[in-house]
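Here are a few exercises to work through with the model open beside you. Try each task before reading its solution.

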Amino acid sequence: MESHPDNPSQSSDTPHETKGFSEPPESQTIGGADDTDESGSDGVRNTSRADGFSGDIDLDDLDLDSDTDEADGASRGLFDDLLEGEPIFESKEVLRPSYTPHKLPHREEQINNMATILVTALRGDTPSNILIYGKTGTGKTASAKFVSEELETTSQKYEVPCEVQYINCEVTDTQYRVLAQLANKFIEKNEIYIENRLEDLEQLRDRTTSDSDALNGTNFDSADAVEDRIDELESDLAEFDPVPMTGWPTDRVYTTFFEAVDYHERVVVIMLDEIDKLVEKSGDDTLYNLSRMNSELKNSRVSIMGISNDLKFTDFLDPRVKSSLGEEEIVFPPYDATQLRDILQHRAETAFKPETLSEDVIPLCAAFAAQEHGDARRALDLLRTAGELAERGRTETVEETHVRKAQEKIELDRVVEVVRTLPTQSKLVLYATILLEKNGVHNINTGEVFNIYKRLCQEIDADVLTQRRVTDLISELDMLGIVNAIVVSKGRYGRTKEINLSVPLEETEAVLLSDSRIGEVEDAQPFVQARFDN
Ligand code: ADP
Ligand code: MG
């Protein structure tokens, strides 16, 4: 995504500039905050009606139009029809996850805590590392981005060298990628810094030719010294070597990153969002390396802010990393229904046209999302989807029924996504359960699932797992909310599980069969069926 000039290799003993300087006027964009275009939603708005309109077009109207402008007549009639009626949304973008709100109600305490810790950076010292915890949708990312924007703005205002770098570790999920991305970002920043310095120095050099006092109050005692410094900076600039996306040994990537950060004096805050995903995928080496950097950096200081959805992820960390990373901890508790109402209310004011939401809509969205562990993302999704359903139904207001339909739709979308991405073995176990239910078996036990599962495996030449493994897979499906498995005691015969499907059967089956591997079974269905019957 980023483009870097192709520069030859970076020397290791770069001269460092430690005296005062002005912050590069780079306005760093963090995440997708900038890609919201509120005016752009109108064009998108009506496409969802496309399936319903064709029968409504009045051919006479089209003929009339063609009198005035033959070429455009037909298409104008088409879109006129689509544009009819009052649209509900003022700006749908405001309800999308990519939108970064500038007001975050009910997060004042967490935001203040972060600011109190990070203000140290504006005094030129190293802030403590921070670990932020909270379930999804509790406003962690939004708050962190808000704080980092404020921090950078203030650092520019007071000309304090402080930079924030945000990384989403769900996307950038290996040590190589994290370090490469950081290295390249800091190389970019260094290039801007050097270009600004060069501009200043070239002006200074020009002044020395006409003004003999030009060097007073600078670090330079002669025009030659200025010239040397310019040469030095120019060669630094030429030597920056961006890290390729793959292929280097990790220690070389680390060294490049280290040198880029240490190129000049500054405090650097590295925000690692979804840090639990990084640790899960690639272990804690990255965090270990980052957290011990400060003892070796000469000019700059690094502070880490980790954000995690998983409250227990530090259990997997090296104790040194754990204590270093968790110097300060901030918890983001789930929102309750009242807080979600405030959040929705606030966003709805800009997202919807006036008077388009009936009274119960926001409270119901808030109530549904509060059940879903107080997830603001879910609340906003519900509100947006309810609005879209109302729009599609061509009603003038969003009603309670739209929210209920939105809840069903989102839940179904979730199920479809979860089922679609299951590993083949879990799909087979789930399909076995579905076949049993379809044949009227209730309170299915593990043995029954296992028997059908085994036959399905044979049909498609898949490895047959042990019954014990299959029991584990059933527990996983239970945790994902796809089946409901309760343990029942059979007295002296031990215990078994009673399994019932907790998702809509037909939709789930359709998703399973869309997997080409599982689809093979469908062709063999009568065969399976015959065996199943006896
Ligand atoms: P997390 O990172 O904790 O999973 P996010 O910060 O991504 O959660 O928040 C999810 C969605 O809810 C985003 O669209 C965000 O803008 C919104 N949101 C969360 N908390 C608030 C709040 N206090 N006020 C307004 N919007 C919020
Ligand atoms: Mg987040």
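**Exercise 1. Find the strands that helix H5 lies across, and its angle to S5.**

Solution. Start with helix H5, residues 108-122; helices (H or I, at least four residues) and strands (E, at least two) are DSSP runs, numbered from the N terminus. H5 lies across S1, S2, S3 (266-273), S4 (300-308) and S5, where contact means heavy atoms within 4.5 Å. Its direction is at about 150° to S5; axes are lines fitted to C-alpha atoms, for helices over the stretch in contact, and angles run from 0 to 180 degrees between N-to-C directions. Next take helix H6 (residues 140-157), which lies across S1, S2, S3, S4 and S5 and runs at about 155° to S2.

A note on conventions: this is a predicted model, in which local features need pLDDT of at least 70 and side-chain atom pairs count only at pLDDT 80 or more, while totals for chains, interfaces and linings use all residues. Residues are numbered from 1 along each chain as its sequence is written, chains are lettered from A and ligands numbered from 1 in the order in which they are written, and side-chain values use heavy atoms, with hydrogens and water left out.

**Exercise 2. Work out the strand order of the parallel sheet.**

Solution. The 5 strands of this open sheet follow the order S2-S3-S4-S1-S5; two strands pair if DSSP finds at least two bridges between them. S2 (162-168) and S5 (328-332) are the edges, each with a single partner strand, so one side of each has no neighbour in the sheet. On average, neighbouring strands are turned by 15° against each other, direction ignored. For a closer look, S1 (residues 130-134) pairs with S5 in the parallel sense over 5 bridges, and Gly134 stands opposite Phe332 in S5.

**Exercise 3. Which strands are at the edges of the antiparallel sheet?**

Solution. This open sheet of 3 strands has the order S6-S8-S7. Its edges are S6 (444-445) and S7 (483-489).
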